[in-house]
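Biologist: Hi! Could you walk me through this structure, one residue at a time?
Modeller: Happy to, let's have a look together.

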Amino acid sequence: QVQLVESGGGLVHAGGSLRLSCAVSGGRFSFYRMAWFRQAAGKGREFVADIIWDGGRASYEESVKARFTISRDIAKKTMYLQIDDLKPEDTAVYYCNADGTGWARGREYWGQGTQVTVFS
């Protein structure tokens, strides 16, 4: 059973950086796209960035594209989100998401989330 496991969150001073990781475990998988979402307290879950697993093409929510960088390491089966110049408004639980393709088409996977807290 495929699982997505996030890590790398924490308590960070404004202006600092974090690198979040999302590791794929549980055996065979087939992803078309992986993405990061975030959810602040009392708000809905919002899209942050995504990356095409095979081609590596990335896209971002407009407000974060100057500070966030999404990437993936196919050999390590891991996706990353580099966040620079953190701001208090980046405080949220960050979730990893994946869309299946091929034999896994139609399947969607979510991680359990990792908390990012930014203080000023």
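**Around Asn-97**

Modeller: Let's start with Asn-97, which touches Leu-4, Arg-33, Met-34, Ala-35, Phe-37, Glu-108, Tyr-109 and Trp-110, leaving out residues up to four places away in sequence. Keep in mind that this is a predicted model.

Biologist: Thanks! Where is Asn-97 placed?

Modeller: Asn-97 is in strand E9, which covers residues 92–100.

Biologist: And is Asn-97 buried or exposed?

Modeller: Asn-97 has a relative accessible area of 0%, so it counts as buried.

Biologist: What does the side chain of Asn-97 make a polar contact with?

Modeller: Its partner is the side chain of Glu-108, at 3.0 Å. The Asn-97 side chain also reaches the backbone oxygen of Tyr-109, at 3.4 Å.

Biologist: Tyr-109 again! Which residue forms an aromatic pair with Tyr-109?

Modeller: Let me come to that through the whole set. A search of the whole structure gives six aromatic pairs. One of them is Phe-29 with Trp-53. Their ring centres are 5.9 Å apart and their planes meet at 70°, so this pair is edge-to-face. Both Phe-29 and Trp-53 are buried. As for Tyr-109, Phe-31 is its partner in a tilted pair, with 5.4 Å from centre to centre and 55° between the planes.

Biologist: Why does the pair of Phe-31 and Tyr-109 tie together parts that are apart in sequence?

Modeller: Because Phe-31 lies in strand E4 while Tyr-109 lies in strand E10 (residues 108–110), the pair ties together parts 78 residues apart in sequence.

Biologist: Are those two buried or exposed?

Modeller: Phe-31 has 3% relative accessibility, so it counts as buried. Tyr-109 is at 13%, and it counts as buried too, since the cut-off for buried is under 20%.

Biologist: Which residues form one aromatic cluster?

Modeller: The cluster is made of Phe-29, Phe-31, Trp-53 and Tyr-109.

Biologist: Changing topic: which ring does the charged end of Arg-45 sit over?

Modeller: That is the ring of Trp-110, with the charged end of Arg-45 4.7 Å from its centre. There is also Arg-28, which lies over the face of Trp-103 at 4.2 Å from the ring centre.

Biologist: Okay, salt bridges next. How many does the count come to?

Modeller: The count comes to seven salt bridges. One of them is between Asp-50 and Arg-33, whose closest N and O atoms are 2.9 Å apart. Asp-50 lies in strand E5 and Arg-33 in strand E4, so this pair ties together parts 17 residues apart in sequence.

Biologist: Arg-33 was on the contact list for Asn-97. Is Arg-33 buried or exposed?

Modeller: Arg-33 is at 17% relative accessibility, so it counts as buried. Asp-50 is buried as well, with a relative accessible area of 10%.

Biologist: What about Asp-90, which residue does it form a salt bridge with?

Modeller: Arg-38 is one partner, with the closest N and O atoms 3.0 Å apart. This pair links distant parts of the chain, 52 residues apart: Asp-90 is in the loop between strands E8 and E9, and Arg-38 is in strand E4. Asp-90 also forms a salt bridge with Arg-67, and there the closest N and O atoms are 2.8 Å apart. Here the two are 23 residues apart, with Arg-67 in the loop between E6 and strand E7.

Biologist: Which residues do the shared partners join into one network?

Modeller: Salt bridges with shared partners join Arg-38, Glu-46, Arg-67 and Asp-90.

How values were computed: Residues are numbered from 1 along each chain as its sequence is written. This is a predicted model: local features need pLDDT of at least 70, side-chain atom pairs count only at pLDDT 80 or more; totals for chains, interfaces and linings use all residues. Side-chain values use heavy atoms; hydrogens and water are left out. Rings of Phe, Tyr and Trp (its six-membered ring) pair if their centres lie within 6.5 Å; planes under 30 degrees apart count as stacked, over 60 as edge-to-face and the rest as tilted. Buried means under 20% relative accessible area, exposed over 50%, partly exposed in between (1.4 Å probe, protein chains only). Helices (H or I, at least four residues) and strands (E, at least two) are DSSP runs, numbered from the N terminus. A charge sits over a ring if NZ of Lys or CZ of Arg is within 6 Å of the ring centre and within 35 degrees of the ring normal. A polar contact is a pair of N or O atoms within 3.5 Å; within protein, one must be able to donate a hydrogen and the other to accept it, and residues adjacent in sequence count only if both atoms are side-chain atoms. Contact means heavy atoms within 4.5 Å. A salt bridge is a side-chain nitrogen of Lys or Arg within 4 Å of a carboxyl oxygen of Asp or Glu.
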